Amino acid sequence: MTLKVYNYLSREMEVFEPIQPGRVGMYVCGPTVYDHSHLGHAKTYVAMDVIVRYLKHLGYQVRHVRNITDVGHLLDSGEDRILRGARRHRLEPMEVVETYMNSFFEDMDALKVQRPNISPRATGHIPEIIQWIRDLLDAGYAYEVAGNVYFSVEAMPDYGKLSRRNVEDLEAGVRVQVRDEKRHPADFSLWKRAEPEHLMQWPSPWGAGYPGWHIECSVMSTKYLGQPFDIHGGGLENIFPHNECEIAQAEAHHDADFAKYWVLVGSLTVNGIKMSKSLGNFLTIKDALALYTPEAIRFFILSGHYRGPVDFSREALEAAQRGVQRLHNTLRAVRDRMGTAPPAGTAILSDVSALTDYRKAFQEAMEEDFNTPQALAVLFEMVKDVNQQLTQKGDLSMGSLAAIEKTFGDLAGSVLGILPAEEKASAVSSELVEGLMDIIMDLRREAREAKEWERADMLRNRLALLGIMLNDAPAGSSWTYEG
RNA sequence: GGCGACGUAGCCAAGUGGUAAGGCAGGGCUCUGCAAAAGCCUUAUUCGUCGGUUCGAUUCCGACCGUCGCCUCCA
């Protein structure tokens, strides 16, 4: 079994071989925290999360670094409502940053995105950034003009190698007005001079200013992961100029490749158009979570390949919600059965071999560049199989049921993160609740035996209003709480 | 203008040089007092269009049409 990864650097599928055996260093471009995150962010980070989870599943020791950009884009241009608001309300920019950073982490936690091992912030690395810029100046890769420091793309002959652009094309197509002080239109800022009214600024050898847009990622990734490191991830839309600039800076600064594999995630779209702040066609993660479960949102995102776009729509989310429910139903049925399973009943799927086949098929899907849609298809084939066994065989052994539960837990739970937390059910199951439910279930059973359907249905409906769903089976009725 | 991606059933979405996964929705049946859940069966002679290569293409090549992304902060 070999993990294959599509590397944007080569534009080919490559066998994944970490630089150090058994260890993976991975850096993901994180968000700029100036507003609540939307589903587009969710797609990128859920996709990267599954990649991290899968690498861990394979036994790699992963160091996952994802930055928080808390400076550089926070220009007090007068356009930015947040900062204008911050000024009006006498908030420090850092208070704004803190608010939305916390919001972002809340959202990621809610979506069951595992926290990175390190979440470095640009403002926490100003000294390192300044040192890097000095180094680049000393080495002749950068130049200073009136408090601004620019990186000279002409000093890096292979600038553009990731996004497959060349400097000539860039020159031809520039739409932005070129700042005269740049030697080449494609040169980009390492350090920017701060006007006195600029809200965030630090002293530097070039005067008061703040870091450019790209330098933090080069500095922080290599600080914690070394250079080169294994995987650089993020959203595909950042391939140019951001990722390209990261490479140029790092490979100029240190005579080594920057990152070995570039794993970039396609955008989330709405009616085919990218979900983005500026277009206003976004749904915040918090709003989405009010409508759909975290598992449904993850399922929706994972139902498309990470490199491609996934198109958001109500219908798609609702389909995901129902799809994930089907998976949960089966798992719940397995767990219910475990409560009454004979220790030595019929062993099914046995036959661990069948389960092994599903694990293998799942693994084969994931090893083809993390093909989660294929992996989900495998899980649903297993769901169908398990459902059939559950209805056909009443005496499944405890061992078989436990093996099934474990398989679901490992694949759908640990790797994909689309199983509900078990705690939810136990949160309400106290002795008192169990006792009360026993009484109610007895009452309803008596009503049904007396064919008093109205009373039986009334009990069922009122329980449903509390989120308690009844399931009448030939062997008797059971209940579940869905909160 | 430059670079790139995509176009598969009602919707979402995998995939392969040899005859189309999976989910949702729909239809029929079983189970059920009725539901719900579950089960069984069923829904693309066809993969944007037109050519080419091939014994054979949805899969390779070319053209065209359409959609989108990046080139400016953006996950």
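Select Lys286 to begin: with a relative accessible area of 29%, this residue is partly exposed, a term that covers the range between buried (under 20% relative accessible area) and exposed (over 50%), computed with a 1.4 Å probe on protein chains only. What you have open is a predicted model, in which local features need pLDDT of at least 70 and side-chain atom pairs count only at pLDDT 80 or more, while totals for chains, interfaces and linings use all residues. Residues are numbered from 1 along each chain as its sequence is written, chains are lettered from A and ligands numbered from 1 in the order in which they are written, and side-chain values use heavy atoms, with hydrogens and water left out.

Next, select Asp70 and Arg121, whose side chains form a salt bridge at 3.0 Å, N to O. Asp70 sits in the loop between strand S4 (61–66) and helix H2 (81–88), whereas Arg121 is in the loop between helix H3 (93–110) and helix H4 (126–138), 51 residues apart. Is each partner buried or exposed, or in between? Asp70 is buried, with a relative accessible area of 1%, while Arg121 is partly exposed at 21%.

Finally, turn to helix H12 (residues 372–392) and helix H13 (residues 398–415), which pack at an angle of about 160 degrees with their axes 12 Å apart; axes are lines fitted to C-alpha atoms, for helices over the stretch in contact, and angles run from 0 to 180 degrees between N-to-C directions. H12 is therefore roughly antiparallel to H13, a label for angles over 145 degrees. Where the two helices meet, in contact (heavy atoms within 4.5 Å), you can pick out Leu379 and Val383 among the residues of H12, and Ile404 and Phe408 among those of H13.

Methods. A salt bridge is a side-chain nitrogen of Lys or Arg within 4 Å of a carboxyl oxygen of Asp or Glu. Helices (H or I, at least four residues) and strands (E, at least two) are DSSP runs, numbered from the N terminus. Angles under 35 degrees count as roughly parallel, over 145 as roughly antiparallel, 65 to 115 as roughly perpendicular and the rest as oblique.
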